[in-house]
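User: Hi! Could you walk me through a helix pair in this model?
Analyst: Happy to, let's look at it together.
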Amino acid sequence: IQIPMKNFLRNISYTLILLALATGLAFIFFHFVKDNSANIAFVYILALILIARWTTGYLYGILSSLFCVIFINGFFTYPFFEINFTMSGYPVTFICMLIITIATSAITTKLTRQDEMIAERERKLNDAEKERIRANLLRAISHDLRTPLTSIIGSSASYIENHDELNSDEKLQLITSIHDDSNWLLNMVENLLSVTRIQSDKHEVSKEPELVEEVVSEAIDRLEKRLPGASVNVSAPDDILMIPMDFLLIEQVLINLLENALVHSQTTQPVELIITNDDAYVTFHVIDHGKGIDTSALPDIFSGKYDSSLASDTKRGMGIGLSICRTIIQAHGGTITAHNHENGAEF
């Protein structure tokens with residue numbers, strides 16, 4: 001009940017305002033250009049077109065047409081302040097105004113319905129895309145969480161059941177495996193928590209000017225705690241770079257990309273992090289010198305789909321991390337891409 005009443009009030013308001021403006025302009029024309037009454041008719045015709053465009057249905061336009069003909073007849077034609085429809089041409093004037101109003105109403109109603117259909121179609125497409133991303137994310141999470149959890153359960157069960165039979169090296173190996181898998185799970189949780197910092201409906205982040213050098217330094221420090229012995233060569237402009245960002249989110253992106261390069265490239269060479277500035281954008285190039293990426297996986301590498309070809313072992317795929325990277329970068333208004341070079345891959 002509330003929606004029809006709201007539309008009724010809106011339609012009435014548009015109609016009255018436009019008719020009042022048209023009448024005001026008509027009196028101005030009548031006062032200054034008395035010999036050219038055609039201008040007054042054009043003013044009211046324009047008002048009728050706008051009323052037909054901005055109201056729903058035909059009723060408001062038809063009533064406005066009747067009002068316009070009566071007002072022109074009564075106030076702007078001789079004898080003034082008298083309504084006389086027997087004058088030559090007035091039935092034709094009314095019919096013409098009525099036809100213009102009905103035709104405009106029909107066209108605008110059709111356009112409005114088309115706009116609503118297009119908006120509904122876009123909404124359904126967006127919902128389908130969100131559902132696809134959610135499904136891919138859940139698939140990736142289910143795979144990436146199940147394997148290390150299974151490993152943790154198996155290692156801990158072996159330690160408990162064979163505690164007395166294991167030597168110190170075997171015990172250390174089991175504990176180390178549990179430690180590594182636990183750290184990886186912690187990293188996964190940090191990734192998922194990062195996504196929650198982005199407003200889900202508007203996909204926006206709270207950005208503040210941050211020093212690029214600081215976010216890079218913090219990302220590498222955290223990476224080295226996770227991967228002792230990690231080797232990253234950093235190259236950046238001498239100028240001080242301050243860019244608007246969510247510090248923790250961009251730090252998480254750099255950690256994800258650097259860890260992927262170190263873990264999945266299957267090379268002992270250092271990873272390169274090159275930062276360039278072209279005034280419009282600051283670009284972070286994460287370059288490894290390893291086996292590269294399977295070309296068939298490149299088109300969907302940021303989609304969140306799990307693909308075993310992206311992983312160097314059975315524990316850790318990098319699909320979910322890259323999907324989160326894309327979400328974060330797009331929320332910042334940036335872009336993220338991946339390609340192979342002669343001796344490896346670059347993100």
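User: How do the axes of α6 and α7 cross?
Analyst: The axes of helix α6 (residues 212-226) and helix α7 come within 9 Å and cross at roughly 50°. Axes here are lines fitted to C-alpha atoms, for helices over the stretch in contact, with angles from 0 to 180 degrees between N-to-C directions. α6 and α7 are therefore oblique to each other, a word for angles that are not under 35 degrees (roughly parallel), over 145 (roughly antiparallel) or 65 to 115 (roughly perpendicular).
User: Which residues make the contact?
Analyst: From α6 they include V215, A219 and L223, and from α7 they include I250, L254 and L258. Contact means heavy atoms within 4.5 Å.
User: Before I go on, what should I know about the model?
Analyst: This is a predicted model, where local features need pLDDT of at least 70, side-chain atom pairs count only at pLDDT 80 or more, and totals for chains, interfaces and linings use all residues. Residues are numbered from 1 along each chain as its sequence is written, and side-chain values use heavy atoms, with hydrogens and water left out.
User: Thanks. Is α7 mostly covered or exposed?
Analyst: Mostly covered, with 15 of its 18 residues buried. Buried is under 20% relative accessible area, exposed is over 50% and partly exposed is in between (1.4 Å probe, protein chains only).
User: What happens at the start of α7?
Analyst: A side-chain oxygen of D246 reaches to within 3.2 Å of the backbone nitrogen of L248 there.
User: And just after α7?
Analyst: Q266 takes a positive phi of about 55°, although Q266 is not a glycine. Most residues other than glycine have a negative phi. Q266 sits in the loop between α7 and β4 and is exposed, with a relative accessible area of 52%.
User: Switching topic: where is N277?
Analyst: N277 is in strand β4 (residues 271-277). Helices (H or I, at least four residues) and strands (E, at least two) are DSSP runs, numbered from the N terminus. N277 is partly exposed, at 36% relative accessible area.
User: What is N277 in contact with?
Analyst: Leaving aside neighbours within four places in sequence, N277 is in contact with P237, L241 and V282. N277 and D239 are 38 residues apart in sequence and 9.3 Å apart in space, C-alpha to C-alpha.
User: Last one: how many helices and strands does the protein have?
Analyst: Eight helices and seven strands. Of the 347 residues, 35% count as buried.

Technical notes:
Polar contact = N/O pair within 3.5 Å; in protein donor to acceptor, adjacent residues only side chain to side chain.
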